[in-house]
Amino acid sequence: MTVILGIETSCDETAAAVVVDGRVMRSNVVSSQVELHAPYGGIFPEVASRAHIEHIYPVVQKALDDAAVTATDLDAIAATRGPGLAGSLTVGANMAKGLALAYNKPLVAVNHLEGHVYSLWLAGPEFYFMSGAADQPDQTPPIAFPVVVLIVSGGHTELLLMHDHGDYQRLGGTLDDAAGEAFDKVGRLLGLPYPGGPAVQRAAQSADPAAFDFPRVWLRGDQGERNFNFSFSGIKTAMLHTLQELIPGYQPDSPLPEDAPIADLAASFQQAVVDVLVAKTVRAAQDFDATEILVAGGVSANQLLRQQMVQQAERPVRVPPLPLCTDNAAMIAAAGHYRFMAGQRDDLNFDVVATWPLATPAA
Amino acid sequence: MMSSTESFLSQSVSHTEALGRCLGGVLRPGDVICLSGQLGSGKTSLTRGIAQGWGAAQAATSPTFTLINSYTRQLDELRLYHVDAYRLNSELDAVTTGIEELFDEQAVIVIEWPERLESLLPQDRLWIDLTYQDTKSRRLQALAQGEHSESLLTQLKQCFETLS
């Protein structure tokens, strides 16, 4: 049995968690800076590393307390090394190094994107969807390689082929904005609160997804060659144009008239993004004979994305339960477990890395 | 202080990128380019061109979430930082996030939403306001403050004329 403490501070969340054998979550603490700020009008989370410094000690202590373990019980400490904001990553890495030194524990540096992948290995009731039984999560059989992984969040949109633990082939990624960023920016154009993902989904409920025709960007080659890259910058601009046509004198951040078709706009936008994400992921799974499709990251919380992926996948689809879609440390501990079992040990002087692709481009 | 302005009309996204490539090709370590404009005004397209023209090994993607993206070029191992201050609440955030320290490095810096950290910016900088004209075209109003950015602006103007 391995007991691993995971620490994650790559972006806005300060998080710590204790995970047993890479699958069983004993605790999962996220000091969501979004939550802290929501009561004050939904301004942006405090992005400064100062906030991580304030949160890191109580968050780690709570993760240990909730799991009913002490630092001496740990087999290893896993921390996010990158990609992310250097100043923020350093806070979590230094905490991990301090604990590793003080308690003489092995240290495992983890890629944040690999953490999202391993959120799918954490045991939970909502993980496994079979086509044909769209909304019925099943018992969770072990994941069989190769699998296609779509990581889709505010900062990342990556399509990977995973051959084995730690063995990734990058099929594509966004050329401009991440899918979650498109949700945030379009949410803002529509006057919806931050973060845009849940707000757009809520606004889109029971609206017409075909009311407006937003672009689906396929990036096919001149001869129609397949392309597993994404582009979500144009759809934001298309939304801006549509609003300017509908509402004379519209400018971003200006109040929308009461009769503006916000729900239909939100639904049509969401449909366009989901169409592209699902079609490219399913096509990749077919082309590379993947046994399953895994979807992770904040946007994997989107209900339309989940439904449509399951309907079109023709193979099992795994999606994390909602609390594990967004950044958390349980996924870092889970990825850390597999790295630890493979023999990875990192020095106390490892550097954080702001840019760290998970895999090299597919040949 | 010396300052001068020029106005350019970009006809399309690819025109904006071509202008960016021109500008990227003449940038030197220490240059600061500020890109100001609303959502969809072409800041990221211009930056994509700048990074390409400068010689970045990777294509530039949006730094809105990551705040700072860094690119290196094989030629001389120099760095280009692409900063997005959209999510910063204050200039204090910019200091504690480490953005301020970038100005001390011998690197090229492109900043979106620069008005959020204006007091931290170096005096000599090229400031470009991008505004939406119609579906395709964008107006680029460039203000050079200081000797070095004046020369950048002159080169950008020459380049624009060859493109047109």
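Which strands of chain A and chain B each supply at least two residues of the lining of the second largest pocket? The strands are β8 (157–164) and β9 (167–173) of chain A and β3 (68–72) of chain B.

## Before you start

This is a predicted model, in which local features need pLDDT of at least 70 and side-chain atom pairs count only at pLDDT 80 or more, while totals for chains, interfaces and linings use all residues. Residues are numbered from 1 along each chain as its sequence is written, chains are lettered from A and ligands numbered from 1 in the order in which they are written, and side-chain values use heavy atoms, with hydrogens and water left out.

## The second largest pocket

Let's stay with that pocket. Its volume is about 710 Å³ (the space filled by probe spheres set on grid points, which are joined across faces, edges and corners). A pocket is an open set of points on a 1 Å grid over the protein atoms alone, with protein on both sides within 12 Å along at least five of seven lines; lining residues have an atom within 4 Å of a point.

Of the 36 lining residues, Glu158(A), Arg170(A), Thr355(A), Gln58(B) and Thr61(B) are the closest to the centre of the pocket. The largest share, 4 residues, comes from β3(B). By class, the lining has 14 nonpolar, 17 polar and 5 charged residues (nonpolar: Ala, Val, Leu, Ile, Met, Phe, Trp, Tyr, Cys and Pro; charged: Asp, Glu, Lys and Arg; polar: the others, Gly among them).

## Two domains in chain A

Chain A is assigned domain 1 (3–121 + 325–341) and domain 2 (128–319), with bounds from an automatic or database domain assignment. Each of these domains gives at least three residues to the lining of the second largest pocket.

The domain centres, taken over C-alpha atoms, are separated by 27 Å. Between the domains, 19 residues of domain 1 are in contact with 22 residues of domain 2 (contact means heavy atoms within 4.5 Å).

## A sheet in chain A

Here is an open sheet of 5 strands in chain A, with mixed pairing and the order β3-β2-β1-β4-β5. Strands (E, at least two residues) and helices (H or I, at least four) are DSSP runs, numbered from the N terminus, and two strands pair if DSSP finds at least two bridges between them. Because β3 (24–31) and β5 (107–111) of chain A stand at the edges with a single partner strand each, one side of each is left without a neighbour in the sheet. On average, neighbouring strands of this sheet are turned by 20 degrees against each other, direction ignored.

Helix α2 (residues 49–66) of chain A packs on the sheet, where it touches β1, β2 (14–20) and β3 of chain A. Helix α10 (residues 330–341) of chain A lies across β1, β2, β3, β4 and β5 of chain A, at about 130 degrees to β1(A). For such angles, axes are lines fitted to C-alpha atoms, for helices over the stretch in contact, and values run from 0 to 180 degrees between N-to-C directions.

## Paired strands in chain B

In chain B, strand β6 (residues 125–132) runs parallel to strand β2 (residues 32–36), joined by 4 bridges.

Strand β7 (residues 138–145) of chain B runs antiparallel to β6(B), with 8 bridges between them. A hairpin of 5 residues links β6(B) to β7(B), and Arg125(B) stands opposite Gln145(B) in β7(B).

How values were computed: On a 1 Å grid over the protein atoms alone, a cavity is a set of points where a 1.4 Å probe fits but cannot get out, and a pocket is an open set with protein on both sides within 12 Å along at least five of seven lines; lining residues have an atom within 4 Å of a point.
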